[in-house]
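Subject: A structure for you to look at

Hi,

Here is the structure I promised to pass on. Have a look at it first, then read my notes below.

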Amino acid sequence: MCGIIAYTGHRPAIPVIVEGLKKLEYRGYDSAGLAFALSEQIHLYRASGKLEALEDRLTSPIIMQPTSGIGHTRWATHGLPNEQNAHPHLDSSGSLALVHNGIIENFQELREELIKEGHQFNSETDTEVLVHLIAKGLQKMSSFPEAISWALSQIEGSYAFALISKDYPGKIWAARQASPLLLGVGTGENFVASDIPAFLQYTKDVVFLEDGELVEMDANSWQVYSVDSLKPVDKQVQHIAWDVQAAQKGGFKHFMLKEIFEQPRVIRDCLAGRIDRKKEQVILTELDDLPVPRRLHIVACGTSYHAGLWAKYLLEKWAHIPVEVEIASEFRYRHLVLNPDELVLAISQSGETADTLAGIRLAKEKGIKVIGLCNVVGSTVARESDRVIYTQAGPEISVASTKAMCSQLVLLYLLTLYWGQRQKVLPLDVLSKSIHTFSSLPDILETELPRLREKAAALSQEYAAARSFFFLGRGINYPLALEGALKLKEISYIHAEGYAAGEMKHGPIALIDPNFPTFALALNDELLPKVKSNLKEVEARGGKIIALTHPQTDLKVDHPWELPLLWGPLNSFMVLPALQLFAYEMAVYLGKDVDQPRNLAKSVTVE
Ligand code: F6R
């Protein structure tokens, strides 16, 4: 996720900006840049790679002159992570410089229109459109706020940005919509940043900007306006008492918790630009020139493997594509029979998992095309796959994967709809019901997450003495049961096994006794009666049961945990965070190192 810092004040701005960018490094990035206005000119410095590469370029003596400027760390979404795509971006005349975080969904149409009007583009980014639009606005309007408001009315998507002009050194304009941005208020200096650590060493006085707000500031003053009406908005300055470490976690105790709570935003970002509501179509242009596969082989490890297994149920049901899902470390050593009309889909958050990469290489050796579903732009999976779909979850810092799986599920769901439409087999109402539910899902989830956490915390105290757990589910909930078990074991070190509920009677049930609890997924779907019977078998052996369920399922277990009922498989987006939070609260209660569990690494680059 990109990081923004803008400074205007009395100090040399560039060291403040570079320091601020360092504090935002935790967000992940692949290139960086900064700009300032001096002697009626914008000065621009950018570099791909780490911040040191940018610092190496800051050798000119003029670097210490400006007392205002903007800086950015970029986490690539549109266009490769290279210098040309790094922010800031300039308008055609070089008068304005802008840094941006977010996704401009309609950038392609806007870009084509602006090019026809004579604007010159220098990058592949969606961001560049915004600075050109503001420049266009300035030709028609007399003030910056007016021009910005007009430009923002043209775009669809999310943004947080900061803008400077060569004609007004010392002035900064910034605005946000669905991407984070806040104002740091100092004495004779002001800041705008994506996150508090960027300016925490200078001020703890913060103004939290809301969506649809625009700020105009210089060293001694700041004013917030509504983007739409340009009416001034009264804002409270809040004094925060965080230290830098706490601030990087956005006030959450652990990165894992922060990442679980980011999932509503992740769903919004994954959907951005992917659904054409007018044409009722899913947009996956990355795959338009590939035939729909006769058979799909999904290859992945760990949590990503569970996401693949989840997708199998959907792809077979709605796209009529036979799917095999395989753990990458097995796939790579099998004597595979692959046909040219089949595809391999490699799923990887990090894009660097050695076994998954070996699977990709094997498929390519056999002449099979590979689609990579991956979170990190420019990673090896992304580079080696024939096509890449990026999951846009933002950097995941906690070792236990949470929001990345959520993003994988969204994209796999969209992939199913996309291929189902191309195959002309997608049941008629599925697309409209999916669109309808997806549009309200992030808000519902945002409201539910604190409640889920509370319930998870209460249950963790009740069950903290357990040494083993079964996680049971059927159908689409079976892969989620596997994921629930994986999360619990990796961060709380409690032994847990995920099973298809119907498989219990074939052996595992021998383990059930009053000290061996079961965590069941007993949702209100077509398999509920079957799951209920399986739970009766557990109960009959004295096993305690926690069950994620829905209202009116009439489920009689020790601890029913009711979730709000959504439509169809989208219920998974409520089940997943409940499982994650249960594992999280259990680990916290047991005093484990949640973000860095023993023996585990975030990116498994060895066999
Ligand atoms: C579990 C977890 C791992 C990863 C696995 C694959 O919380 O994080 O199981 O899912 O190592 O990693 P990626 O998706 O990066 O290939």
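First, a term: a residue is called buried when its relative accessible area is under 20%, exposed when that is over 50%, and partly exposed in between (1.4 Å probe, protein chains only).

Before going on, a word on the source. This is a predicted model, where local features need pLDDT of at least 70 and side-chain atom pairs count only at pLDDT 80 or more, while totals for chains, interfaces and linings use all residues. Residues are numbered from 1 along each chain as its sequence is written, and side-chain values use heavy atoms, with hydrogens and water left out.

Back to Ile368: you'll find it in the loop between α11 (354–365) and β21 (369–374). Helices (H or I, at least four residues) and strands (E, at least two) are DSSP runs, numbered from the N terminus. What does Ile368 touch, leaving aside its neighbours within four places in sequence? Contact means heavy atoms within 4.5 Å, and the partners include Leu338, Pro340, Val344 and Asp386. The C-alpha atoms of Ile368 and Asp341 are 7.8 Å apart, although 27 residues separate the two along the chain.

Another loop residue is Thr203, between β10 (190–193) and β11 (205–208). Thr203 counts as buried, because its relative accessibility is 6%. Its side chain reaches the backbone nitrogen of Asp205 at 3.0 Å. That is a polar contact: a pair of N or O atoms within 3.5 Å, where within protein one must be able to donate a hydrogen and the other to accept it, and residues adjacent in sequence count only if both atoms are side-chain atoms.

Now the ligand. Which residues come nearest, out of the 15 around it? They are Ser304, Ser348, Gln349, Thr353 and Glu490, where near means a heavy atom within 4 Å. A backbone N or O atom of Gln349 is 2.7 Å from a ligand oxygen. Helices α9 (302–318) and α15 (477–492) each give at least two residues to the shell.

Last, the sheet: eight strands, open, in the order β3-β2-β4-β1-β10-β9-β11-β15, with antiparallel pairing. Strands pair if DSSP finds at least two bridges between them; β1 (residues 3–8) and β4 (residues 68–74) have six.

Enjoy!
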